[in-house]
Amino acid sequence: MSQRGELPAWVDIGLIPLLNLAVAFLVAGLVVLIIGENPFTSIWILLSTPLSSLGGWFNILYYATDFTFTGLCVAVAFHAGLFNIGGEGQAYVAGLGAATPGLLLGGILGAVLPHGISQPITLLVCLICSFAIGAFYGWFPGYLQAKRGSHIVITTIMLNYIASSLMVYMINMVFRPVGKMAVESRGIDDAYIMSAREIGRAVGVKIPASPINPTVFLALITAYLVWYLLWRTKLGYEIRAVGANTEAAIYAGIKPAKIIMTAMAISGGLAGLVAFHEVLGAQHRLVLDYVQGAGFVGIAVALMGRSHPIGIILAALLFGLLYQGGTDLSFANQNINRDMVVVIQGLVILFMGALEQTFRPYLGMIFTKVA
Amino acid sequence: MTTPAIELVGIDKRFGSVHANKDVSLSIAPGSIHGIIGENGAGKSTLMSILFGFYQADKGEIRVRGTPVKIKSSTDAISHGIGMVHQHFMLVDTFTVLENVILGAEGGRLIGPALAKARKDLTHLAEEYELDVDPDAIVGELAVGLQQRVEILKALYKGADVLILDEPTGVLTPAEADHLFRILSTLRSQGKTVILITHKLREIMAITDQVSVMRRGEVVANFATKDTNVGELAEAMVGRSVLLRVEKTPSNPGEVVLEVKNLTWRDKKNVPRVDNVSLTVRKGEIVGIAGVSGNGQSELLDVITGIAKATSGQIIFEGEDVTALNDPRILRERGMAHVPEDRHHRGLITSFSAAESAILGWQHNPAVGKSFHLDQKAVIEQTRRQMQEFDVRPADPFLKSAKFSGGNQQKIILAREIGSNPDLLIVGQPTRGVDIGAIEFIHRRLIQLRDQGKAILLVSVELDEIRSLSDRILVMFAGRIMGERAADVDEREVGLLMAGVQEAA
């Protein structure tokens, strides 16, 4: 095991992810070949279509926004030595926090304050509530881990299912207006994040159709804040200390149980921002299943991005490209449907995540020979 | 002369920079109980792991009944009739005794025949060696002593002629240990050979025929048990290495900084690891705690520094009862610094940069940032200063902690703890695995700190270190303080105290 950590940094953060990605594409290509399609044209469509139009780029950024939030969510927990599989559920439940203030508070504030003031205040409350509910839903498995010893991987997975059922119930029985057929809340007009296209229209610039909205900047700011938290605050130091060496952390007077719960709360809160983005920025109402697997993609994003915010942003863009390219590919080729794209993404996650260490020993051998 | 049951010739093994076994030769007579004694880290377990096929020796030869053999795995060892009872049992808790016994000797796809055979054999073994265990009991539900019996049965069932026991009594109550010794004598009388690894002198005296003493990877002495005594063994174990004398003036002790009263700490099995310990440390003196490692020194340090919670007793630090505090952070803030015994697992975080490790425990110090903020510049600046003052090489605050040599890692830790200007410094094994140059440096710094009027509590398994640094020496054995001696005490006398012999002449 002496090869671990002995590789040059550029190999560790550059070559290994790219190699894994290449192998994932290779295997995906084989799958495409098996169903009788040309893998080269498929991959070409997958990669080139989204990049050849402004709308495609915007869609990539739109997906990358979600993936950045969930990637950061996984990364913060990871630095504390925890594997948070529950980003999906945390992001879903946080929809309650995103929608409720918009539906209740927005109307009240709107009645007494001018629109230009009530909207930002409502949005801010929505943002805080999204984070808070996500944080609670992350804190809870953290509490179970810290105080009861229940393994976080198991509890977060189970809480994903609970989140799913809970949200179906809440949206159907509580949020759905009487008489409405679709299982969704009424439109949240009092906390409405305009899309780039709508903003462009307001100032007279034509922008292609895409759900991209200013929340993408929130993702960048959040990434910076997470970096700041982890490497420039005492709390971040303690989180990393617990993750790196719990015994040394105890020696240093850090209480691991407290740090585990705190890190999981922050982690869940970050996933909760997906709800803010999706519910208020894209859907403009509370709908079913808006998270669409972003929580799971976040795991791959964090692994590929080495749990560093910059890496996470880059990996989020890559997965944004795969998502958008996958959609384009399913339009271009009838035989390759959405499920096929999920297979490709799954392979990427498999090679980036579970098999991430596969090539490391070999590369280590090559580099020790060369050096 | 009969052929030795086991012969080890020139066994040599390195783990990176650690020379675990240096040219070890050992001969074990058949039908005897042979003790191997030495402190933790003396290389006993490595040697036995080589014999049992867990490690391969870099050099040397193993002979079983006179024939040179290659032992590449435990399967090889078992086929040569060598069985091992590990310190931490290798049992499947949810299996029955019978199922555990046939583990690795199932003899086919269906285990029915093997189970039937094992049941029969077990009855024989039980009669022959006083090894009664219910074959259908679930192992996890058995008492520790019985679990150990299952381990012995396992080895015998597989046809072991030579049985290695690694620290077998560590987990046993005295009554269970006595029973184990009876079993071992029965085994001997039936012609089996037993190798007993331990660091407890009493056991060696009680049961063995021959004893080999290991120190720092070497066999330093061989005795026939009846011709030796506890004092001689203790002396051989602790050794008389080159004296590292430090220049120092007589101490000038001031007021009491730390007072420990009747402190007891029991582990999860309710065994008192620290047993009714009382001590005081005054300003301007170094109090050394000597003892063979594993006699409660580590636990004592943990309790005093707030890492573990005292079961009973009192800790008074600077006139205030801090027993219930149980918080290393608050104790640090009040002026209690702690250089831990194990620098890799506690002293620093190997994956962190040197600068990050250099604030471990002091991350809330206002000097490295106000409120929640951690001031990177201040941290780097402080680390640079400390590295310069303590001559850490390379003086690079950004280098990963793991990349420094042992001595430099230790200097980073000392710089951190001494740099906090503490009233009391608690130091565990300050020079373990540190090169000579760094040892001198560290010793000088500790004396210097004492001369500044600070109180120092020193724990070390190096008797020379204790003797050259301390103003007063306390000796710990089995969790208790055996006695207090002045710094110029006779080495032999301390050796006896370390072996648990209360009243030395």
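How many residues of chain B are in contact with how many residues of chain A? The count is 21 residues of chain B and 15 residues of chain A. This is a predicted model: local features need pLDDT of at least 70, side-chain atom pairs count only at pLDDT 80 or more, and totals for chains, interfaces and linings use all residues. Residues are numbered from 1 along each chain as its sequence is written, with chains lettered from A and ligands numbered from 1 in the order in which they are written.

**View 1. The side of chain B that touches chain A.** Contact means C-beta atoms, placed from the backbone, within 7 Å. H10(B) (328-333) and H11(B) (343-347) each supply at least two residues. The largest share, three residues, comes from H10(B). Helices are DSSP runs (H or I, at least four residues), numbered from the N terminus.

**View 2. H3(A) against H8(A).** The axes of H3(A) (residues 54-79) and H8(A) (residues 215-232) come within 9 Å and cross at roughly 15°. Axes are lines fitted to C-alpha atoms over the stretch in contact, with angles from 0 to 180 degrees between N-to-C directions. The pair is therefore roughly parallel (angles under 35 degrees). Leu61(A), Phe69(A) and Val76(A) are among the H3(A) residues in this contact. From H8(A) come others, including Ala219(A), Ala223(A) and Val226(A).

**View 3. H8(A) against H9(A).** The axes of H8(A) and H9(A) (residues 234-244) come within 5 Å and cross at roughly 70°. That makes H8(A) roughly perpendicular to H9(A) (65 to 115 degrees). Leu229(A), Leu230(A), Trp231(A) and Arg232(A) of H8(A) meet Leu235(A), Gly236(A), Ile239(A) and Arg240(A) of H9(A).

Note on methods
Angles under 35 degrees count as roughly parallel, over 145 as roughly antiparallel, 65 to 115 as roughly perpendicular and the rest as oblique. Two residues are in contact if their C-beta atoms, placed from the backbone, lie within 7 Å.
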